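Okay, thanks for coming, everyone. Let me put the structure up and walk you through a couple of spots.

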Amino acid sequence: QVQLVESGGGLVQAGGSLRLSCAASGAASGLTFSSYTMGWFRQAPGKEREFVAGSSRSTWYADSVKGRFTISRDNAKTMVYLQMNSLKPEDTAVYYCAATAGLYYSSPRKYNFWGQGTQVTVSS
């Protein structure tokens, strides 16, 4: 099994930046980690969980975060990051790291493994 743990969330004013980290362990270690598609999702109160960014053989983003967020990964350290710049109040949500063996999946139901989430709050 793959264990995922997010960190780096917090409170920030609109226009500010945060970097989220996701540490993978268990089955997602060593060379195995590089074969996983990694995704970031977010869920605000009363809303569905939505795709934010993905990384497999390339990276892709939700339209709402393009130009502001950047997903990256360090396969040797089995880490995934989400750099969030120019944050807006509508970015406020619990952010989740997820993993799947597939390619270019944006639907949360395609992901097998999930972290516990980290809260991001953007004040206006």
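This is a predicted model: local features need pLDDT of at least 70, side-chain atom pairs count only at pLDDT 80 or more; totals for chains, interfaces and linings use all residues.

Numbering runs from 1 along each chain as its sequence is written, and side-chain values use heavy atoms, with hydrogens and water left out.

So, strand S8, residues 79-84. Strands here are DSSP E runs of at least two residues, numbered from the N terminus. In S8, 5 of the 6 residues are buried, so the rest of the structure largely encloses this strand. Buried means under 20% relative accessible area, with a 1.4 Å probe and protein chains only.

Who does S8 pair with? Pairing takes at least two DSSP bridges between two strands. Strand S3, residues 18-26, runs antiparallel to S8 with 6 bridges, and Cys22 sits opposite Val80 there. Strand S7, residues 69-74, is also antiparallel to S8, again over 6 bridges; Thr70 has Gln83 as its bridge partner. The S7–S8 hairpin has 4 residues between the strands, and Thr78 in that hairpin takes a positive phi near 50 degrees.

Now over to Thr100, in strand S9, residues 93-100. Buried or exposed? Thr100 counts as buried, because its relative accessibility is 2%. Beyond its neighbours within four places in sequence, Thr100 is in contact (heavy atoms within 4.5 Å) with residues including Tyr36, Tyr105 and Asn112. With Asn112, the side chains make a polar contact of 3.3 Å. That term means an N or O pair within 3.5 Å; within protein, one atom must be able to donate a hydrogen and the other to accept it, and residues adjacent in sequence count only if both atoms are side-chain atoms.

Methods. Buried means under 20% relative accessible area, exposed over 50%, partly exposed in between (1.4 Å probe, protein chains only).
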